[in-house]
Amino acid sequence: MTDDTKIPARMTAVAISQPGGPMVLKAEKRAVPEPGEHEILIRVHAAGVNRPDVLQRKGAYPPPAGASDLPGLEVAGTVAAVGPGVKRWRLGDAVCALTPGGGYAEFCKVDETNALPVPAGFTMTEAAALPETFFTVWHNVFERGGLKAGETFLVHGGSSGIGTTAIQLAKAFGATVVTTAGSAEKCEACRNLGADLAIDYKREDFVEAVKTFTSGKGANVILDMVGGNYVDRNYSAAAVEGRIVQIATQAGATASVDVSKIMVKRLVHTGSTLRPRTTEFKGAVAAALEAQVWPLLTSRRVAPVMDMIFPFKEAWRAHERMEEGEHIGKIVLDVA
């Protein structure tokens, strides 16, 4: 291990004291993790807040084996130390990284292949808003869903961190974008990001709106984080040979569906979760992002939509904000 002499033995972290509401998030002292083979230690300047953090806090989403019990799936900061075998990164490099846990802390370790350079001109809080959503959208929309230029893409929850990222990337790669959101304000934010149609799902049936907009053809790729009764409705809104990609089930993990729609339209319904995937898988996604998406970030053709930034030790406020459901874009903790 190559040490930065300024690394303390202990650090402040925000831990889940017990399953429960936002106030169970408590600051405490922890030992600074030591990077292992091919790992880097990041001095965290900012950490992204994501819905899996909320689920973990409630006791509904335990960390995978070997991961930190601390919440926090994405960070940005500087390399403070490198473990044996690290080839790419040097002390002081500005990086953002996807982590299986441990982001709510002053220091976080991660495999070097799961880190990416902070795009030129980005603040640390902006960079911390990138990994979780960009890894998720790239793999599920473009790799699993196979979205192509000229196709119609429907993303539910367009004003969320995932949604705002998906809208921008789909537009950047030449798709027509339709989204759902829960208010006129959120729909307007989606249109400002490039959505060709934004549907207020509280006032309008998204299935009929999609059919009307596409002259009856439907959406080629659908990214869904709702589940529940949206599943069968997605089948109705999908085009022939459509691909539905499931990444969450906020309205429930079970659904009653008309299976004949899958047969008649030759639909593919797939899905994935990111956190439990292997380091090698995440490294491959990182490499694809650096080649295909990082140039769009550097040129600001694509950028994270920032909602609110909260002090690190007040992570409970960030969780309250997320659970209120009024946010547009990413919620981030300022750790530095």
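Beyond residues up to four places away in sequence, phenylalanine 153 touches Val141, Leu147, Ala166, Ala170, Ala175, Thr176, Val177, Val178, Val221 and Leu223. The model described here is a predicted one.

The largest nonpolar core has 50 residues, and those touching the most other members are Phe153, Leu223 and Leu289. Helix H3, which spans residues 131–144, gives six residues to this core, the most of any contributor. Another core lies apart from it and has 27 residues, including Val54, Val79, Ala97 and Met322. In soluble globular proteins, nonpolar side chains tend to be buried together.

## Glutamate 126

Helix H2, covering residues 124–128, contains glutamate 126. This glutamate 126 has a relative accessibility of 15%, and it counts as buried because that value is under the 20% cut-off.

The side chain of glutamate 126 reaches the backbone nitrogen of threonine 123 at a distance of 3.0 Å. When neighbours within four places in sequence are set aside, glutamate 126 is in contact with Gly121, Arg300, Pro304 and Met306.

## A nonpolar patch on the surface

Nonpolar residues also occur at the surface, where Val257, Val259 and Met263 form a patch. Together these residues have about 270 Å² of accessible area.

Valine 259 is located in the loop between strand E12 (238–246) and helix H8 (260–265). Its relative accessible area is 46%, so valine 259 is partly exposed.

Definitions and conventions. Residues are numbered from 1 along each chain as its sequence is written. This is a predicted model: local features need pLDDT of at least 70, side-chain atom pairs count only at pLDDT 80 or more; totals for chains, interfaces and linings use all residues. Side-chain values use heavy atoms; hydrogens and water are left out. Helices (H or I, at least four residues) and strands (E, at least two) are DSSP runs, numbered from the N terminus. Buried means under 20% relative accessible area, exposed over 50%, partly exposed in between (1.4 Å probe, protein chains only). A polar contact is a pair of N or O atoms within 3.5 Å; within protein, one must be able to donate a hydrogen and the other to accept it, and residues adjacent in sequence count only if both atoms are side-chain atoms. Contact means heavy atoms within 4.5 Å. Patches are made of residues with over 30% relative accessible area and no salt bridge: like charges are joined within 9 Å, nonpolar side chains (Val, Leu, Ile, Met, Phe, Trp, Tyr) within 5 Å. Accessible areas come from the Shrake-Rupley method with a 1.4 Å probe; for residues, only the protein chains shown count as cover. A salt bridge is a side-chain nitrogen of Lys or Arg within 4 Å of a carboxyl oxygen of Asp or Glu. A nonpolar core is a set of buried Ala, Val, Leu, Ile, Met, Phe, Trp, Tyr and Cys residues joined through side-chain atoms within 4.5 Å.
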